[in-house]
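This report treats a helix pair, a chain interface and the salt bridges of one structure. The sequence and model are shown first.

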Amino acid sequence: MSEAAVLERPIAPSGSHAPDMRLTSALLYLDDVQVTFDGYRALRGLSLTLDKGEMRAIIGPNGAGKTTMMDCITGKTRPDTGRIVFDGIVDLTKLDEPAIADLGIGRKFQKPTVFESHTVADNILLALKGPRAAFASLFGWRNRVEAEKIERLLTKVGLIEHRSRPAADLSHGQKQWLEIGMLLAQDPKLLLVDEPVAGMTDHETAETATLLREIAKDHAVVVIEHDMHFVRALQCRVSCLHEGSVLAEGSIDVVSADPKVVEVYLGR
Amino acid sequence: MSPPRASLVDTKGWIMLAAIAAACIAVPVFNLAVPEGSALHLPTYLVSLFGKYLAFALLAVALDLVWGYCGILSLGHGAFFGLGGYAMGMYLMRQIGPRGVYGNPILPDFMVFLNYKELPWYWLGFDWFPFAALMVLAVPGLLGFLFGWLAFRSRVTGVYLSIITQALTYALMLAFFRNDMGLGGNNGLTDFKDILGFPVQAQGVRVALFLATALALALGYLVARLMTVTAYGKILIAVRDAESRTRFLGYRPEHFKTLAFTVSAMMAGVAGALYVPQVGIINPGEFAPTNSIEAVIWVAVGGRGTLVGAALGAVLVNYAKTVLTGALPDAWLFGLGALFVLVTLFMPKGIVGTLVEHFGSRRAAAKLPPAPEIAPKLAEEGRG
């Protein structure tokens, strides 16, 4: 991690004599984040707080800035202004993708992105948490990973039968699960999951909700999803984004009853 | 249960190594042991011709390492081949000593002709073989490293990268054509006499050079295998297929690509160094972009992403070139172009890739990285 990313003036609460330099106790803190693409304002002063171990669902109409938000958190897009503070101490806007992944932020993409020519097991192997330098991978630990470690993860995401198949052969839903399995292998502090149930059957959707709830027991998770049944099944706080900022936040019942949310997103 | 690990040498690898070993026995026997009058005698010029094929095969393996496993379509690998060749050529020039036409004990003939008063600084040390051998690896390696580092860090990929590699070798060709470069200009380096104290034209030396090239090819193959069957190789393939995804796992693709590119450049340099004493000349023509493109065709014909296929493709295409340029000199380029088109259309996985598909069991096939299409993947995934 580069020094520059550590906040220059960590604001300790006044009067506190604890050596904790953290700006906030939140795991993730987005503060007035602005992003403009060719004049289009994708994020307009987005602010959001996620606590440690919290699961949060993000809903909102197309173009609300949901995916752009994830791009900013993971270093794919650099915000024009604003701060994104991780773990109370690191400004993510100063880091690139690998550095952010290294801090413990994992991401599942909207379109399932797995390594198609590798086997299912190898996809997990490459995701496993650990040193990722080029020389280390030539002779290092990743060449001696116990099969059981990978198989445990594959059992968890229901793909153990498919471990030796090329990932390209998996169905769309299975690829989604494999990507969730890769996230688990990364063992991040924060999982960003973009539309995990797109293209899944109702049965698969229900299973995915169960899986994510289980993951949320010991990880912080942010889930972007359009499927309101699924969001309800997650049983977590919901933020509704609209035109690049948070429109409403609260439990699913509060948010879905909010007249503004009904107006812009759910429809009357 | 442990998953089946890919072994360092697979079936097709053993076939290739066995073929190389057989050639290493057959060539000396038929050239040195069978008397010259016999119908079974292998003429020495053919020994060197085969040695040249094997040097090209090593270049092809080097190219396949970056193209087949890392998606870097280098249209400039001839640059590294040429640099390795020049390093060897400089050593061979220094070995001529006072036997040149002008009899200058220090300066090669072309320098005397161009009124050089003393040896340029970059020629120093090349009279000592270990130094020259080091330069054979170091010069292409350093160029490959610098080029790779700059290009990959700036995330230059696809056709743009291919065009830059092409420009690289073209720029080197123009530079080496200049007499001021101090490397023989247009004529290059030639009239070699000795290598390691032995006359370079001698029959035994020719056989030894062939054996050295065969050994280098086998070693180059093993190095490339080592780099592709390990976790490193799996990450390399992941970078080839979905580069930006690897970043979100915490990998730095530019490091992986730079390492592969550097090793590949060094292998190409060794190939060039072994090529030069066997053909007896190195000139700026070796940097011509067409040479690099021809190497890409060898790999495509043999089977991209198989290593063995690359070596086979190099040997077969060059054998065809020898036969065709002898029989119909004007037809060769058309033949080469037609070959590339036909292979791309009807055998996109190349010879070895197609054979593996036919004979390999499903399980064996699953272990191999499937040979990707020949056309470089241009579309980086969109914003997702």
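In chain B, the residues B:Ala300, B:Val301 and B:Gly302 of α10(B) are in contact (heavy atoms within 4.5 Å) with B:Gly350, B:Ile351, B:Val352 and B:Gly353 of α13(B). By class, this contact has four nonpolar, three polar and no charged residues. Ala, Val, Leu, Ile, Met, Phe, Trp, Tyr, Cys and Pro count as nonpolar, Asp, Glu, Lys and Arg as charged, and the others, Gly among them, as polar. The axes of helix α10 (residues 289-302) and helix α13 (residues 350-359) of chain B come within 3 Å and cross at roughly 15°. The axes are lines fitted to C-alpha atoms over the stretch in contact, with angles from 0 to 180 degrees between N-to-C directions. α10(B) and α13(B) are therefore roughly parallel (an angle under 35 degrees) to each other.

The model is predicted; local features need pLDDT of at least 70 and side-chain atom pairs pLDDT 80 or more, while totals for chains, interfaces and linings use all residues. Residues are numbered from 1 along each chain as written, chains are lettered from A and ligands numbered from 1 in the order written, and side-chain values use heavy atoms, without hydrogens and water.

Between chain A and chain B, the contact takes 45 residues from chain A and 35 residues from chain B. The buried area (accessible area lost with a 1.4 Å probe, summed over both parts) is about 3500 Å², and carbon and sulfur atoms give 59% of that area. A:Phe115, A:Ser117 and A:Arg132 supply 17% of the area that chain A buries against chain B, more than any other three residues.

| Salt bridge | N to O distance |
|---|---|
| A:Glu97 and B:Arg155 | 3.0 Å |
| A:Asp87 and A:Lys189 | 3.2 Å |

The pair of A:Asp87 and A:Lys189 links distant parts of the chain, 102 residues apart. A:Asp87 lies in the loop between β4 (81-86) and β5 (90-91) of chain A, and A:Lys189 in the loop between α6 and β7 (190-194) of chain A. Helices (H or I, at least four residues) and strands (E, at least two) are DSSP runs, numbered from the N terminus.

Technical notes:
Buried area = accessible area lost by both parts, 1.4 Å probe. Salt bridge = Lys/Arg side-chain N within 4 Å of Asp/Glu carboxyl O. Parallel < 35°, antiparallel > 145°, perpendicular 65-115°, else oblique.
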